[in-house]
Amino acid sequence: MNITKSLDVNEDLQWINNKIENWINNENEGVLSIVSVPYNSCFIFLNMILDYINTNKRILYITNEKQGYINIINLIKKYSDVKSYSYAKKNNYDDKAKLIICNHENAFNIKEHFDLVIYDDISSFSNYSKKDIERLLICRTTCKIITYSIEPIFDNGTVIEIPIKTKNLPIAEPRIINTRIDITKDIPYVLYEYISWFTKNKKKTLIYTPDKDRSIKVFEYMENIKDRLECNIFCLDKDRKRIENYVKVKDVPIIVIAEGIEQIDMSYDNLNIILYFSDDTYYDYKKIVYFCGKVGVNLNYSAGEILLLSKDITEDMEKAKTITRNFNKWAWERGLLNI
């Protein structure tokens, strides 16, 4: 059964499914790159996966989502009664299953042949570079390969662009704020204005730094000005449980300081993100683009702001701006944005 035809889906989704189906049926096409915004739906793969399973073909689905929270499994459970799938932990999985799901690292341990390999780099935060993914997939060229990422992984093959999520809202484009002051001890006035505006409008703000030491220093400074900002300020490392309670409360502004790429629930309303020291080598363009996707992950609201605070402008910062701007440009040109 064709799931998209049985549901009331929009023309764009049907168009995407038709493109994928045409590619699948073309024996001369080996690689398909689906380029999309971070955290978009993997619903576009459902028809194809069910068709493969029903025709006794095998699929390897690579995703770095946490076990128990894998979107494609949830969709299969919701829209079908198919049971022939298995999640692989190292070499431990049901080798008779038609669909094997695994993460990037465990994919290296799975040597058997598949008719189709899908690398879903969109459904969760990506810790792997374009080269990392290419090295993993290059040995799978005897079968059909689909990559789902913010950019084409291979230089050859068909490319399908999906520049928006389901609600037709633009992805947040990062704004760069340059400063020469020591941002562990002070704050540029323009950033203070942004943060004041966030708190007055009852928004949540996440401030990220590349490491724990700098997070502590930023937290100590923000604590000194919290009375002026009139909001609660938390350090993720110390206040995780309290934060989880506060973020669920609508219209209560908070500021959370965190280091690295902490995997906390950022899918709540009115979210803004500030990357301190965004010129640090820790923040490559993929990390920045995925942060841009996070501020719009709750689709009941338009995308929030993502601010890059730094002394210098790096190539990765510029590339992240270009990628997000191109997503919005493609969406605008195709008449997909509701703005």
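Which side chain meets that of lysine 287 in a salt bridge? The partner is aspartate 284, with an N to O distance of 3.5 Å. Lysine 287 counts as buried, at 12% relative accessibility. Aspartate 284 counts as partly exposed, at 26%. Elsewhere, salt bridges with shared partners link Asp211, Arg214 and Asp280 into one network.

The model discussed here is predicted.

**Salt bridges**

Searching the whole structure gives 11 salt bridges. One of them pairs arginine 58 with glutamate 112. Their closest N and O atoms are 2.4 Å apart. Arginine 58 sits in the loop between helix H3 (46–54) and strand E2 (59–63). Glutamate 112 sits in the loop between helix H5 (104–107) and strand E5 (116–120). The pair therefore ties together parts that are 54 residues apart in sequence. Arginine 58 is buried, with a relative accessible area of 14%. Glutamate 112 is partly exposed, at 25%.

A further salt bridge lies within a helix. Arginine 135 and aspartate 132 meet through their side chains at 2.7 Å, N to O. Both belong to helix H6 (residues 130–137). They are three residues apart, so about one helical turn separates them. Arginine 135 counts as exposed, with 53% relative accessibility. Aspartate 132 is partly exposed, with a relative accessible area of 23%.

| Arginine 58 | Glutamate 112 | 2.4 Å |

**Cysteines**

How many disulfides does the model have? The count comes to zero. Cysteine 139 is in no disulfide. The cysteine sulfur nearest to that of cysteine 139 belongs to cysteine 143, 9.1 Å away. Cysteine 143 is likewise in no disulfide, and its nearest cysteine sulfur is that of cysteine 139. A disulfide needs the two sulfur atoms within 2.5 Å.

Is cysteine 139 buried or exposed? Cysteine 139 is exposed, with a relative accessible area of 60%. Cysteine 143 is buried, with a relative accessible area of 9%.

Methods. Residues are numbered from 1 along each chain as its sequence is written. This is a predicted model: local features need pLDDT of at least 70, side-chain atom pairs count only at pLDDT 80 or more; totals for chains, interfaces and linings use all residues. Side-chain values use heavy atoms; hydrogens and water are left out. A salt bridge is a side-chain nitrogen of Lys or Arg within 4 Å of a carboxyl oxygen of Asp or Glu. Helices (H or I, at least four residues) and strands (E, at least two) are DSSP runs, numbered from the N terminus. Buried means under 20% relative accessible area, exposed over 50%, partly exposed in between (1.4 Å probe, protein chains only).
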